[in-house]
Amino acid sequence: MTISFCKFHGFGNDYIVMDRATISDDVILSELGAAICHRHIGAGADGIAVLQRLDDGDADFFCEIINPDGSTAGFSGNGTRCAAAYLHHKEIWSEPHLRLRTRSGVKNYQLIEHPTESEYRFEAEIGQPKFASEQVPFVCPEPLEAVVNSPIFVDGSEYWVSAVNIGNPVACVFVDDLNFDWRTPGRAMESHEKFPDRANIVFVKVIDPENIAIRIWERGVGETAASGTCSSGAAVLSALLLKTGRKVRVHSEGGITDVLWRNDNEIVLTGRADFIYCGEWPG
């Protein structure tokens, strides 16, 4: 039995999307995710998004995100946006508004543009940031209301980290220049003892009050060209630290994501999802 899938990407952050109904019950999703995401012997992706239709009244579909290492993500901004695009592309869903239940709650997606057969642009309400150390989570001697400029030692060097939970833990290091080997400390910090659930590590350069640039080491994935969760975390922390306003354009290597941290504390993420191809995976 083969498994049908479609591949999309959000600014180069690629996801394989599939319908849970087409997957046999004896298939272990963590093993499927690790196999199909492999860049050399699989289809290659930064994760899979598995959709299941719901009838609970609160959401239209449940979306499970599996990382390439087989771990489960609480949320993925780009992954769920790719999932929303899949539902429209396959004509499973036609309404402009869509509610996706994730492991970190229900997220609301609004299709705002579909200029070509392969391009979809969504505005998404993805929830409220959590700053407290136990919510990130971040290990520290005393509980903190917000993790701001906390020191972490990696390979003999000290880094000042600010952190937030945006459905996943996101830790940001603000730097003056991104032209350095950020991958090595990023890899080490992902699994640092300060982050018991691991963390997405983002290096952030503030360009001006409305623009920031980021480089991403994503939990369970590694280096990625873009990440909705990491973009949101970087934007919110930039605003919290008064480095920017609450509306920020986040420049990653894959493209530009627009993030608005509304006054009611809701985060609104706007970005694209682009169709790549569909295929069959041997079950």
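Mentor: Let us begin with what covers helix α3, where the cover of the buried residues includes the strands β9 (147–154), β10 (157–165), β11 (169–174), β12 (200–208) and β13 (211–218), contact being heavy atoms within 4.5 Å. This is a predicted model, in which local features need pLDDT of at least 70 and side-chain atom pairs count only at pLDDT 80 or more, while totals for chains, interfaces and linings use all residues. Residues are numbered from 1 along each chain as its sequence is written, and side-chain values use heavy atoms, with hydrogens and water left out.

Trainee: Which residues of helix α3 are buried, and what makes them line one face of the helix?

Mentor: In α3, which spans residues 183–190, the buried residues are Pro185, Gly186, Met189 and Glu190, where buried means under 20% relative accessible area, exposed over 50%, and partly exposed in between, with a 1.4 Å probe and protein chains only. Seen down the axis of α3, these buried residues fall within an arc of 135°, so they line one face of the helix; the arc is that of the directions from the helix axis to the C-beta atoms. Helices (H or I, at least four residues) and strands (E, at least two) are DSSP runs, numbered from the N terminus.

Trainee: Why is the pair Cys6 and Cys278 called a disulfide, and why a right-handed one?

Mentor: The sulfur atoms of Cys6 and Cys278 are 1.9 Å apart, and a disulfide is a pair of cysteine sulfur atoms within 2.5 Å. The torsion about their S-S bond is about 85°, so the disulfide of Cys6 and Cys278 is right-handed. Cys6 lies in strand β1 (residues 2–10) and Cys278 in strand β17 (residues 267–282), so the pair ties together parts 272 residues apart in sequence.

Trainee: Is Cys6 buried or exposed, and what does Cys278 count as?

Mentor: Cys6, at 1% relative accessibility, counts as buried, whereas Cys278, at 38%, counts as partly exposed.

Trainee: How do you know that Cys37 is in no disulfide?

Mentor: For Cys37, the nearest cysteine sulfur, that of Cys82, is 12 Å away. With a relative accessible area of 2%, Cys37 is buried.

Trainee: What joins the side chains of Asp274 and Arg272?

Mentor: A polar contact of 2.6 Å joins them, a polar contact being a pair of N or O atoms within 3.5 Å, where within protein one must be able to donate a hydrogen and the other to accept it, and residues adjacent in sequence count only if both atoms are side-chain atoms. Asp274 lies in strand β17 and is buried, with a relative accessible area of 7%.
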